[in-house]
Amino acid sequence: MDGTEHGTEHLTVRREGATLVLTLNRPEARNALSLPMLVGLYDGWIAADEDDAIRSIVLTGEGGSFCAGMDLKALAGGGMEGQHYRNRLKADPDLHWKAMLRHHRPRKPVIAAVEGYCVAGGTEILQGTDIRVAGESATFGLFEVKRGLFPIGGSTVRLQRQIPRTHALEMLLTGRPYSAAEAAGIGLVGHVVPDGTALAEALQIAERINACGPLAVEAVKASVYETAEMTEADGLAAELGRGWPIFDTADAKEGSRAFAEKRPPVFRRE
């Protein structure tokens with residue numbers, strides 16, 4: 001499957017080693033969200049979690065943009081294409097929120113590789129990712145209030161927990177665009193790289209993650225999110241509950257043995 005593309009309409013899926021790469025693929029619409037795209041995203045998150053050979057996920061966009069938000073033209077016209085996709089949404093009315101990482105957190109690390117526009121729903125999806133890389137000409141922002149809309153993908157809750165509240169409120173209430181440098185300055189993204197190289201940088205980060213023990217990586221991610229709103233005492237207690245079992249795994253023993261033998265470890269999720 002390595003390097004082979006598949007997926008749904010408006011989304012391509014491929015494997016790069018132990019990384020699953022999900023690519024939003026409506027470049028003519030700056031990768032504005034469509035129902036087929038959302039169904040594909042949801043299926044991608046689930047597939048990654050169910051496949052133990054996948055250790056990380058990279059989310060990116062085709063054609064020089066990440067995501068320009070929801071397709072307002074399609075919404076206005078009721079044309080969110082395809083009966084099959086409408087049936088999927090009818091069967092799970094929360095599917096689109098899970099796709100946007102509002103109601104779903106993959107257990108594998110998710111790295112965003114952003115070029116061009118990452119606005120409105122694009123910035124909302126971004127908040128559900130774990131590590132974020134942006135091309136230097138990328139544009140961010142939550143434009144909903146300028147359209148008389150509400151950023152209901154989680155931004156009024158999550159953004160203030162990820163960046164200082166004064167910056168979160170300015171972004172939410174002004175609807176203005178932010179450059180990649182500004183986004184990095186307020187902590188919304190972690191890396192700014194030359195245009196056209198965000199995906200390559202994200203894949204390098206993924207490779208570093210993939211070289212680590214997968215059980216440890218997933219437990220660390222789970223602990224970070226689980227303890228985020230706890231008191232320090234409760235968080236430390238919860239951390240022990242997540243962390244101690246890792247020391248009893250075969251992977252932990254392999255990691256120590258490989259260090260002593262000065263060789264790369266071979267982790268088996270055991």
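This is a predicted model: local features need pLDDT of at least 70, side-chain atom pairs count only at pLDDT 80 or more; totals for chains, interfaces and linings use all residues.
The domain assignment divides the protein chain into domain 1 (11-211) and domain 2 (214-261). Their centres, taken over C-alpha atoms, are 27 Å apart. Contact between the two involves 11 residues of domain 1 and six residues of domain 2. The size of an interface is often given as the accessible area lost when the parts come together. Between domain 1 and domain 2, about 770 Å² is buried. Carbon and sulfur atoms give 52% of that area.

Strand β2 spans residues 19-24. Six of its six residues are buried, so β2 is largely enclosed by the rest of the structure. Burial extends to both faces of the strand. One side carries T19, V21 and T23, and the other carries L20, L22 and L24.

Strands of a sheet pair through backbone hydrogen bonds, either parallel or antiparallel. Strand β2 takes part in pairings of both senses. With strand β1 (residues 11-16), the pairing is antiparallel and runs over six bridges. Within that pairing, R15 has L20 of β2 as its bridge partner. β1 and β2 make a hairpin, and two residues lie between them. G17 is in the turn and has a positive phi of about 65°. With strand β3 (residues 56-61), β2 pairs in the parallel sense, again over six bridges. Here L20 stands opposite I57 of β3.

Strand β7 covers residues 139-141. It pairs with β8 in the antiparallel sense over two bridges. In this pairing, T139 has S179 of β8 as its bridge partner.

Most residues other than glycine have a negative phi, and most peptide bonds are trans. N31 is not a glycine, yet its phi is positive, at about 60°. This residue is in the loop between β2 and α1 (35-50). N31 counts as buried because its relative accessibility is 0%. A120 is also a residue other than glycine, with a positive phi near 50°. The loop that holds A120 lies between β5 and α5 (121-126). A120 is buried, with a relative accessible area of 12%.

Helix α10 comprises 13 residues, 214-226. From its first C-alpha to its last, α10 reaches 18 Å. That is close to the 18 Å expected at 1.5 Å a residue. An α-helix has 3.6 residues a turn, so residues three or four places apart point the same way. The buried residues of α10 are P214, V217, E218, A219, K221 and S223. Their cover includes β4 (110-114), α9 (198-210), α11 (232-247) and α12 (250-261).

With neighbours within four places in sequence left aside, S223 is in contact with E239 and R242.

The cysteines were examined last. A disulfide is a covalent bond between the sulfur atoms of two cysteines. A search of the whole structure finds zero disulfides. The cut-off is 2.5 Å between cysteine sulfur atoms. Viewed from C118, the closest cysteine sulfur is that of C67, again at 7.2 Å and too far. Burial is a separate matter. C67 has 0% relative accessibility and therefore counts as buried. C118 likewise counts as buried, at 0% relative accessibility.

Key. Residues are numbered from 1 along each chain as its sequence is written. Side-chain values use heavy atoms; hydrogens and water are left out. Buried means under 20% relative accessible area, exposed over 50%, partly exposed in between (1.4 Å probe, protein chains only). Two strands pair if DSSP finds at least two bridges between them. Helices (H or I, at least four residues) and strands (E, at least two) are DSSP runs, numbered from the N terminus. The expected span of a helix is 1.5 Å times one less than its number of residues. Contact means heavy atoms within 4.5 Å. Domain bounds come from an automatic or database domain assignment. Buried area is the accessible area (1.4 Å probe) that two parts lose on being put together, summed over both.
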